[in-house]
Amino acid sequence: MEWVVEAENLTKVYQDVKAVDNLNLHIKEGEIYGLLGPNGAGKTTTILMMLGLTEPTSGKIKVYGYNSTTEPLKVKRVTSYLPENVGFYEDLTAFENLLYLTRLNSIPDKEAEKKIEEVLGIVGLSDVKGREVGTYSKGMKQRLGMAAVLVKSPKLAILDEPTTGIDPEGVEELLALIKKMSREQHITILLSSHLLYQVQRICDRVGILYKGKLQAEGTIEEVGKQIFKDTEDVLEVVLNKEKPEIVEDLKKIEGIREIKVDGPRLRIIEEKDVREPVVRNIINTGLLPLEIKKEGYSLEEIYLKYFQEG
Ligand SMILES: Nc1ncnc2c1ncn2[C@@H]1O[C@H](COP(=O)(O)OP(=O)(O)OP(=O)(O)O)[C@@H](O)[C@H]1O
Ligand SMILES: [Mg+2]
């Protein structure tokens, strides 16, 4: 499989700080990949190396097979980058700002104008395209940032902390827009954020970056398993009435290590998935399982372990 982004033992040392430490990460075509980690984790540094804007101390990084360090122009041609603090000319309109960008990218005006209208429509700014950007809200500016990303018709969009500083409603809109960009324009998206709760919903896969190291990579669920592989799997069952004797019966099920009883509530520590035999057993004894919940490795735990300071 050819990866859209592939980092191999990527390391960046600034004076005495190891900003990125032996990173291996892989992004697939068409996915929304969340590079998530608290402040100072190394997200922006990774992105800058990906774009060839800063050199790795060791290791390498490729985008669509191009080496970012030695072939940055080729990387630039297929990538759009929205920096952490994007700036626009406040005294120009949205349309003029985008035209300025397309000219920088040597897109002929006629073609550019059509494209600009199209992307302003996608991000919902058509009605205000003639207004000076200085009059825009933060959320509108962020949407204009998305338009700036789209106007280059990239294969890969790199968005560094796109939701920072926007109100909750604006965040919802922006995340929906990112998802739409991914699904309708078929753009692969790398999005960095220190706001785990906020952005993980729209990510197909995430990489958890902490102190420059990738702690785990995959869907949120897979990531939880990788991080908490040594912790126990717990199944919580609430019965329709208290019946402590049931424990003796349940304990005969293979794969159950221990059961703790708290009134009608059972906490079953399992060695493998025992949901089916447990439910069957409970029903056979004339009781009902009113609630059954697998305590997976929750977002909460990932958050507590890495993101609290972020
Ligand atoms: N130009 C630089 N010179 C020296 N140290 C740097 C430089 N850029 C980043 N660092 C350090 O490298 C580490 C990683 O920084 P980076 O900006 O990549 O983190 P981040 O995950 O993007 O954080 P944030 O969420 O705050 O944007 C930090 O300790 C930071 O202080
Ligand atoms: Mg950053």
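Helix 8 and helix 11 cross in a left-handed sense. Bear in mind as you look at them that this is a predicted model. Helix 8 covers residues 220–227 and helix 11 covers residues 299–307; their axes come within 10 Å and cross at roughly 55°.

Now try a second pair, helix 5 (residues 138–150) and helix 6 (residues 168–185). Here the axes sit 10 Å apart, and the packing angle is about 10°. Anything under 35 degrees counts as roughly parallel, so helix 5 and helix 6 are roughly parallel to each other. As for handedness, helix 5 passes helix 6 in a right-handed crossing, whereas the crossing of helix 8 and helix 11 is left-handed.

While you're at helix 6, pick out E173, which is part of that helix. Is E173 buried or partly exposed? It takes 20 or more C-beta neighbours within 10 Å to be buried and 12 or fewer to be exposed; E173 has 17 inside 10 Å, so E173 counts as partly exposed. E173 also pairs up with G139: the two are 34 residues apart in sequence, and their C-alpha atoms are 8.9 Å apart in space.

W3 lies in the segment before strand 1 (5–14). Between W3 and V63 there are 60 residues of separation in sequence, and 7.7 Å in space from C-alpha to C-alpha. W3 has 16 other C-beta atoms within 10 Å, so W3 is partly exposed.

Next, the ligand. Which residues surround ligand 1? The shell consists of Y14, V17, A19, G37, N39, G40, A41, G42, K43, T44, T45 and H194. Two elements, strand 2 (17–27) and helix 1, each give two or more residues to that shell. Helix 1 has the largest share, with three residues. Sorted by class, the shell around ligand 1 comes out as four nonpolar, seven polar and one charged.

Just after helix 1, you'll find G52 with a positive phi of about 75°.

N22 has one of about 55° although N22 is not a glycine. This asparagine is found in strand 2, one of the elements that contribute to the shell around ligand 1. With 15 C-beta neighbours inside 10 Å, N22 counts as partly exposed. K211 is another non-glycine with a positive phi, about 50° in this case. Look for K211 in the loop between strand 9 (205–210) and strand 10 (213–218). K211 is partly exposed, with 16 other C-beta atoms within 10 Å.

Finally, zoom out. The protein is divided into domain 1 (5–227) and domain 2 (233–297). How far apart do the C-alpha centres of domain 1 and domain 2 lie? The distance between the two centres is 45 Å.

Key
Residues are numbered from 1 along each chain as its sequence is written. Chains are lettered from A and ligands numbered from 1 in the order in which they are written. This is a predicted model: local features need pLDDT of at least 70, side-chain atom pairs count only at pLDDT 80 or more; totals for chains, interfaces and linings use all residues. Helices (H or I, at least four residues) and strands (E, at least two) are DSSP runs, numbered from the N terminus. A residue is near a molecule or strand if its C-beta atom, placed from the backbone, lies within 6 Å of it. Ala, Val, Leu, Ile, Met, Phe, Trp, Tyr, Cys and Pro count as nonpolar, Asp, Glu, Lys and Arg as charged, and the others, Gly among them, as polar. Domain bounds come from an automatic or database domain assignment. Axes are lines fitted to C-alpha atoms, for helices over the stretch in contact, and angles run from 0 to 180 degrees between N-to-C directions. A crossing is left-handed if the near helix is turned anticlockwise from the far one by less than a right angle, and right-handed if clockwise. Angles under 35 degrees count as roughly parallel, over 145 as roughly antiparallel, 65 to 115 as roughly perpendicular and the rest as oblique.
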